[in-house]
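Subject: Structure handover

Hello,

The structure we talked about is below. My notes on what was found in it follow directly after.

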Amino acid sequence: MENLANIQVIQNIVYIISSVMFILGIKMLGKEATAVKGNYLSALAMFSAVGITCLSLEIDTKIILAGVLLGGLIGSLIALKVKMTAIPEMVALFNGFGGLATFLIAWSQFNEPSNSMFQHVLIMLTIYIGGITFSGSLIAYGKLSEKLKLGKGSMITNVFISFFYLSMPALIYVIGEPSISQFIPQVPSYFLIFLGITLIAGIGFVMPIGGGDMPVVISLLNSLSGIAAAFAGLLLLNNVLIVAGSLVGASGLILTIIMAKAMNRTITNILFVGYASSNQSSSSEEQGEVKPITSDDAYLILESASSVLVVPGYGMAVAQAQHVVREMGELLEENGTEVKYGIHPVAGRMPGHMNVLLAEANVSYDLLAEPDDVNPSMDTIDVAIVIGANDVVNPSATEEEGSPIYGMPIIEVHNAKTVFVLKRSMSSGFAGVQNPLFFRENTRMLFGDAKESIGQIVAEFKD
Amino acid sequence: MEMYILLGFVLLLSIFLGLELIAKVPSTLHTPLMSGANAISGIALVGALMLSSAGQMQDILAFGAILFASINVFGGYLVTNRMLSMFKKK
């Protein structure tokens, strides 16, 4: 008996040490110079916390070994095989699995014979958050990998959405069930029904949210998986689960807020409303002729430019143009041109998406600038090259008060001397708003696949 | 009950600590931070290992929780590391 108590003391001490390592790890992860070490430290914390837990196990060792080995194998294979362009959906998928794990933990706790009222409430909350994280992340995975095309407005989506709203009273019912079952007849197997509703609700939560709002959704799901783990920690009375889970919850929350701010929208608006369809924007006075340009002419202008700003968007990811963009950047620098990259926080489909793509293509990270860094000196830029970005460079956000995106901070490329817009067609961006930038006096449209267009410019430079 | 209040206190303090720690992150690191935090949420593995074994159903649930948390942990850390190794300053 004394032996067991000793083990518990040792475990708790190691849990505290792990918690400190998690805290330092996540802090180091927030700075470029220390990020790699921070990740190692946090992995070490995970290793110690898991290892020390193995001192007192009730489950059959075979089950544990099978689970850890199989899970480790699957996880490692996915992580090492995945292409860097598929990172957004990978993060969503792993996040969903974390949510599923807490969901199953809480389910298992529900089957334990003696739960106090408080534990009962915690179990239901953990199941709810974990379940929504799981199925919501799966839908986010489907949307990001473009396997799932269903969106807002379809009949099926509406059915799922109604389950999402149904899940809230269901949650209240299951929380109160032990006390109210004395007064009203118990719903048979209410718990299993609740599990089902929760999973369907997660689908309804993410399904109506459009691709351009994905950075917000992914951050939020990330935050939720942490909160679910922290709740599971309360349930199991385990402090390292609480600390690590809360840290994840907080970091996800911060990213969510940063993303929402970068769109000048509230989180509720993003999750439950979406962009209002705007009919009035076609009345914009700046409609007119667009001025197309060929790669040859673009090359001539670029050759004589002394400063160039590249503004990438989701289109660069789709066209897989990051490598050829880097090549162009290097050739321009050899030619004596100053090259910078203007990265909008919500460009792409997850926080920092463009940064990852450009890093993959070997672009030095000190060349990447945020909107606040590039906007004040925009009028000194000779050429701004917009590659597959649209809403984040739409001047309506600063000039046209009725526009749905009015007030959103943008990269003000329209103030540059010349703007090249690389685009497949004249279709509007995710927000469905027409972009007056395309009709500006200083704008030249370079139609076609971004990778091919830039490839031609690169070829001209090499000649 | 006192135990819960104490742990609830730990929970709140950790959230505030997290908010302070991460408040100013350069946008270059948004994705690695998210992915790294995602790996940490695999701490659910510790919770899964604490489950008790009583009957087949409980074993299945424990196995599932361990399996999926392990995928989260291994996959999360490796992907973060891969990503961070690409970030270079010239």
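Chain A is divided into domain 1 (82–273) and domain 2 (280–462), with bounds that come from an automatic or database domain assignment. The C-alpha centres of these two domains of chain A lie 36 Å apart. Between them, 19 residues of domain 1 of chain A are in contact with 18 residues of domain 2 of chain A; contact means that the C-beta atoms of two residues, placed from the backbone, lie within 7 Å. On the domain 1 side of this contact, α4, α8 and α9 of chain A each supply at least two residues. That side divides into 13 nonpolar, six polar and no charged residues. Here Ala, Val, Leu, Ile, Met, Phe, Trp, Tyr, Cys and Pro count as nonpolar, Asp, Glu, Lys and Arg as charged, and the others, Gly among them, as polar.

Before you go further: this is a predicted model, in which local features need pLDDT of at least 70 and side-chain atom pairs count only at pLDDT 80 or more, while totals for chains, interfaces and linings use all residues. Residues are numbered from 1 along each chain as its sequence is written, and chains are lettered from A and ligands numbered from 1 in the order in which they are written.

Chain A overall

Chain A has 17 helices and six strands. Both are DSSP runs numbered from the N terminus: helices are H or I with at least four residues, strands are E with at least two. The C-alpha atoms of chain A fill a box of roughly 80 × 50 × 35 Å along the principal axes. Of its 463 residues, 51% count as buried, that is, 20 or more other C-beta atoms lie within 10 Å of the residue's own, with C-beta atoms placed from the backbone. Among contacts in chain A between residues at least 6 apart in sequence, 78% join residues at least 24 apart.

The side facing chain B

In chain A, 95 residues are in contact with 74 residues of chain B. The elements of chain A that give two or more residues to this side are α1 (2–28), α2 (35–53), α3 (61–81), α4 (87–110), α8 (214–236), α9 (239–262) and α14. The largest share, 16 residues, comes from α9(A). By type, the side of chain A that touches chain B divides into 57 nonpolar, 31 polar and seven charged residues.

Helix α14

Helix α14(A) covers residues 353–360, and seven of its eight residues are buried. The buried ones are A:H353, A:M354, A:N355, A:V356, A:L357, A:L358 and A:A359. Just after α14(A), A:N362 takes a positive phi of about 75°.

The sheet

Six strands of chain A form an open sheet with parallel pairing, in the order β3-β2-β1-β4-β5-β6; two strands pair if DSSP finds at least two bridges between them. The edge strands are β3 (368–369) and β6 (443–447) of chain A, each pairing on one side only.

Strand β5(A) has five of its six residues buried, so it is largely enclosed by the rest of the structure. Five bridges join β4 (residues 383–387) of chain A to β5(A), and A:V383 has A:T418 as its bridge partner in β5(A). Five bridges also join β5 (residues 418–423) of chain A to β6(A). In β6(A), A:T443 is the bridge partner of A:V419, and A:F447 is that of A:K423.

Regards

Definitions and conventions:
Buried ≥ 20, exposed ≤ 12 C-beta atoms within 10 Å, placed from the backbone.
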